[in-house]
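Hello,

Here is the structure for your files. My notes on the findings follow below it.

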Protein chains: 2
Amino acid sequence: MTVVLSLKNKKVAVRMKAVSAAENGENDRRGRKASKETRRQQLIEATIDSLAKRGYAETTLADVADGAGLSRGIVNFHFESKEKLLIATLQFMADEYAAHWNAALEKAGEATSSKVWALVAADFDRKICTKRKLAAWCAFWGEAKSRPTYQALCGARDVKYQDLIVALCAQLKAEASYSYDAETIALALSAMMEGLWFRLMMGDGLTREKAHAAAVEYLVTVFPGHMTHQGPK
Amino acid sequence: MTVVLSLKNKKVAVRMKAVSAAENGENDRRGRKASKETRRQQLIEATIDSLAKRGYAETTLADVADGAGLSRGIVNFHFESKEKLLIATLQFMADEYAAHWNAALEKAGEATSSKVWALVAADFDRKICTKRKLAAWCAFWGEAKSRPTYQALCGARDVKYQDLIVALCAQLKAEASYSYDAETIALALSAMMEGLWFRLMMGDGLTREKAHAAAVEYLVTVFPGHMTHQGPK
DNA sequence: ATATATTGAATGAATATTCAGCAAGTATGT
DNA sequence: ACATACTTGCTGAATATTCATTCAATATAT
């Protein structure tokens, strides 16, 4: 081991870094023999990195392995194929996203307006709304139309989410006397949030705060009886 | 020539179709000896087809050549490399998009509200807003963050467009007494249109008409002094 | 000791690129 | 009118490259 150190200096350094990055988790065994789940998670994180840095088409297993500080064959050992790694990565992001807005909904008050406000805020939370993750999402979007599996997972964002937003908008309409069609407003709102995500990813100096402010401005305008710039009434 | 017909039946048939598709242009020489520009355009169209059908990562030169009804080496003959073909394709789409909204702006009346209305309508016009083209755009978006050349061309949509929208919103604000910040509203509006494009591409049964209606609903709500559901006041 | 995780070189498949040759047009000379 | 050389667009087999996958050897943990 120490014999080869002079030759492998660089690589060892990289691996140290990668391992210490994985330390965050609770399941904190390191180096050789990290638990199966830990390794998988580490590889998924490396995949997100690669997708964000190089895009879908340029993401190679070699790059993922390097990013994780592990050797070439590692992905095929823990996932069976590149395809399955990518699906697991997308699945992870979809689960994380869903868990995040569900949690936000839990924490929000009973009032419909509080729920809407919380959902919008959740979309621009630091935890979810990273350039890195947005870029990874976008990499998948580009391939989603031609791959049913991706489409299903990208759309997982909508299946329940969209229904919820529509229901909440309908609720708000019933509470006050807004004239708009609930579905139209729900569509406009969620499309706008997606568009803001997209702009954030493209990164023309748009910040999370400004994006959130734009969404809030919309809420206040459309639901004047329920929202203020500071929060739900 | 006739000797090989029995063997090449299928191929010949495909080529006939491809050639007749290229007939639309003015420069209508066919078969062998189509002008250089015509051939390039034909290959660009085939590239858009492939991007839309198979996504960026799965688009191969073989597929493009087949789609155009031409032989394998053709792309490297007319463009130098796959990369250059893709850049030319994106350039074409960006030019077409810019020309389209500029034309819409020309045709619109002098009033600021007419211009805004025209820009929004242009975005959902049949000519631009095809599933095929949206899918091709999306394929590029996924790679744009990692490739400066793509990013510049995808962003070409904003450089002037975004400035114009901001200026028009500021103008509307000055004409009536809206309280919003013009930049915020402009951001919200254009983000929403991008998000609607995205949803159209993903194709959850959303139609161009419904998407346009959602955008109009927004205009009416934000600029009540200037807009009605039927058009600018 | 055995089982398990990991490595990294070898393999093979996919595919971009090259290029020698062919065919259709075009110009020039007789 | 016909023949000849020359240009240009195109073909498709051969080559080079990139990369996912495999697997025998090795290291580590229990």
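**Interface of chain A and chain B**

Across the interface of chain A and chain B, 16 residue pairs are in polar contact, both members at pLDDT 80 or more. Please bear in mind that this is a predicted model. On chain A, the elements that give two or more residues to the side touching chain B are α2 (36-58), α7 (131-144), α8 (148-175), α9 (182-202) and α10 (208-222). Of these, α9(A) gives the most, with 14 residues. By type, the residues on that side of chain A divide into 25 nonpolar, nine polar and eleven charged.

The rule also finds four salt bridges across the interface. One pair in a salt bridge is Glu58(A) and Arg147(B), whose closest N and O atoms are 2.7 Å apart.

In terms of contact, 45 residues of chain A meet 45 residues of chain B. The two chains bury about 3500 Å² between them, with 66% of that on carbon and sulfur atoms. In chain A, the most area is lost to chain B by Lys145(A), Arg199(A) and Met202(A), which together make up 18% of what that side buries.

**Helix α3 of chain A**

Helix α3 of chain A covers residues 61-68, and its buried residues include Leu61(A), Asp63(A), Val64(A), Ala65(A) and Ala68(A). After α3(A) comes Gly69(A), with a positive phi near 70°.

Regards

Note on methods. Residues are numbered from 1 along each chain as its sequence is written. Chains are lettered from A and ligands numbered from 1 in the order in which they are written. This is a predicted model: local features need pLDDT of at least 70, side-chain atom pairs count only at pLDDT 80 or more; totals for chains, interfaces and linings use all residues. Side-chain values use heavy atoms; hydrogens and water are left out. Buried means under 20% relative accessible area, exposed over 50%, partly exposed in between (1.4 Å probe, protein chains only). Helices (H or I, at least four residues) and strands (E, at least two) are DSSP runs, numbered from the N terminus. Contact means heavy atoms within 4.5 Å. Buried area is the accessible area (1.4 Å probe) that two parts lose on being put together, summed over both. A salt bridge is a side-chain nitrogen of Lys or Arg within 4 Å of a carboxyl oxygen of Asp or Glu. A polar contact is a pair of N or O atoms within 3.5 Å; within protein, one must be able to donate a hydrogen and the other to accept it, and residues adjacent in sequence count only if both atoms are side-chain atoms. Ala, Val, Leu, Ile, Met, Phe, Trp, Tyr, Cys and Pro count as nonpolar, Asp, Glu, Lys and Arg as charged, and the others, Gly among them, as polar.
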